[in-house]
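Visitor: I would like to learn how to read the features of a model such as this one, going slowly from one to the next. Could we begin with the way helices are described when they pack against each other?

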Amino acid sequence: MKRRLAAATLSFTALLALTACGADSSADAGGKGRVTLTIGDQASTLQTIVAASDALKGADYQVKWAEFEGAAPLYQAVQAGAADTTYSADLPALQALSGGVEFKNVAALKNDGRHVGIVVGKDSGIDSVKDLKGQKVVVSSAKGSISEYLLANVLRRNGLDYSDVRVQYLLPTDAQAAFASGKIKAWATFGLYQAVGLEQGGKLLVDGADGRVSGYGFVGASDEALADAPKKAALADFLKRLGTALEWTSTHQDAYAEAIEQRNGADASVARTLASAAYSKVLPVTADVNKTVQGVADLMNEIGVLEPNVDVAESADTSLLK
């Protein structure tokens with residue numbers, strides 16, 4: 001019996017809270033009998049990037065989009081054969097692998113990590129990471145999130161144990177309300193909620209830059225899709241096109257933000273925040289990537305969050321993107 005998929009953290013892009021659904025589009029019209037890739041996506045993120053940058057122009061295969069609000073249902077869909085690919089930050093991928101989902105990481109994604117942070121109240125008396133000792137820290141959104149990894153990592157870097165703080169898990173919207181009312185002193189959060197916490201008078205204690213989070217995400221492919229030679233070839237081409245599309249978002253942030261507004265129904269400030277925090281590169285899954293993410297897995301295993309642990313290098317297929 002396959003192990004049950006572990007609960008995976010909602011990605012930052014899931015803040016738009018779209019309803020999970022299957023959406024169809026294609027690289028070009030027509031072309032009966034061509035290969036069709038079912039690309040797993042969260043909150044229309046990849047679909048918006050690809051459409052805005054026109055990255056699929058001239059592709060000789062069709063793309064069907066499988067849309068989900070977060071990582072957990074996307075990995076469940078891959079396990080069920082309803083999507084060919086995965087897309088998430090590193091920890092949801094690690095959780096899915098730990099839970100027995102049959103896929104391989106085929107490309108790495110990269111950002112600077114600044115969209116994850118620990119925000120503290122202005123009157124909290126917390127001025128450094130060491131001041132967190134003995135404090136309650138709220139982590140959004142669930143056990144095993146990138147916010148929790150940031151907390152665990154900065155505690156270790158400052159000579160503290162994870163047991164030196166009292167962790168409470170709260171959904172971001174609930175935590176936001178509690179932080180605004182002064183009921184939370186320290187909040188490990190991400191994305192829009194981090195921005196809102198700062199707007200409400202909080203101060204940034206530390207963010208995920210400079211290696212405090214890995215900054216890596218992954219595109220994965222199901223074992224079934226990788227065993228299908230025409231699909232595998234199409235996926236290799238898609239990864240190159242996605243790389244071009246992500247580079248476009250980093251050099252056309254205003255146009256990308258406008259596309260998010262138009263396609264996802266986000267307001268202007270939300271769209272700008274999402275655009276600024278997007279992954280900007282598609283990279284091969286190299287030994288260095290695997291080593292960095294293995295460090296994430298090992299720490300989360302050490303604090304009892306990721307069980308069983310994952311061998312990241314064994315969970316990669318490096319043949320699609322050199």
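Guide: Angles under 35 degrees count as roughly parallel, over 145 as roughly antiparallel, 65 to 115 as roughly perpendicular, and the rest as oblique. Please keep in mind that what you see is a predicted model.

Visitor: How do helix H1 and helix H9 cross, and at what angle?

Guide: The axes of helix H1, residues 45-53, and helix H9, residues 253-264, come within 10 Å and cross at roughly 120°, and H1 and H9 are therefore oblique to each other. The crossing of this pair, H1 and H9, is right-handed.

Visitor: Which residues of H1 and H9 meet?

Guide: From H1 the residues are Thr45, Gln47, Thr48, Ile49, Ala51 and Ala52, and they meet Tyr256, Ala259, Ile260, Arg263 and Asn264 of H9. Sorted by class, this contact of H1 with H9 has six nonpolar, four polar and one charged residue.

Visitor: At what angle do the axes of H5 and H6 cross?

Guide: Helix H5, residues 172-180, and helix H6, residues 191-199, have axes that come within 10 Å and cross at roughly 5°. Since angles under 35 degrees count as roughly parallel, H5 and H6 are therefore roughly parallel to each other. Their contact is made by Pro172, Thr173, Gln176 and Phe179 of H5, together with Tyr193, Val196 and Gly197 of H6, and by class it has four nonpolar, three polar and no charged residues.

Visitor: And what is the angle between H4 and H11?

Guide: The axes of H4 and H11 come within 10 Å and cross at roughly 85°, and that makes H4 roughly perpendicular to H11. On the H4 side Glu148, Tyr149, Ala152, Asn153 and Arg156 meet Val296, Leu299, Met300 and Glu302 of H11, and the residues of this contact divide into five nonpolar, one polar and three charged.

Visitor: What lines the largest pocket?

Guide: The largest pocket contains about 190 Å³ of space, and of the 13 residues that line it, Gly121, Lys122, Phe179, Gly182 and Ile184 are the closest to its centre. The lining of the largest pocket divides into three nonpolar, seven polar and three charged residues. Phe179 is also one of the H5 residues in the contact with H6.

Visitor: Finally, the backbone: where is Ser44, and what is its phi?

Guide: Ser44 is in the loop between strand S2 (36-42) and H1, and its phi is near 60°, a positive value in a residue other than glycine. For omega, look at the peptide bond from Glu307 to Pro308, which is cis, with omega near 0°; Pro308 lies in the segment after helix H11 (287-302).

Technical notes. Residues are numbered from 1 along each chain as its sequence is written. This is a predicted model: local features need pLDDT of at least 70, side-chain atom pairs count only at pLDDT 80 or more; totals for chains, interfaces and linings use all residues. Side-chain values use heavy atoms; hydrogens and water are left out. Axes are lines fitted to C-alpha atoms, for helices over the stretch in contact, and angles run from 0 to 180 degrees between N-to-C directions. Helices (H or I, at least four residues) and strands (E, at least two) are DSSP runs, numbered from the N terminus. A crossing is left-handed if the near helix is turned anticlockwise from the far one by less than a right angle, and right-handed if clockwise. Contact means heavy atoms within 4.5 Å. Ala, Val, Leu, Ile, Met, Phe, Trp, Tyr, Cys and Pro count as nonpolar, Asp, Glu, Lys and Arg as charged, and the others, Gly among them, as polar. On a 1 Å grid over the protein atoms alone, a cavity is a set of points where a 1.4 Å probe fits but cannot get out, and a pocket is an open set with protein on both sides within 12 Å along at least five of seven lines; lining residues have an atom within 4 Å of a point. Grid points are joined across faces, edges and corners, and a volume is the space filled by probe spheres set on the points.
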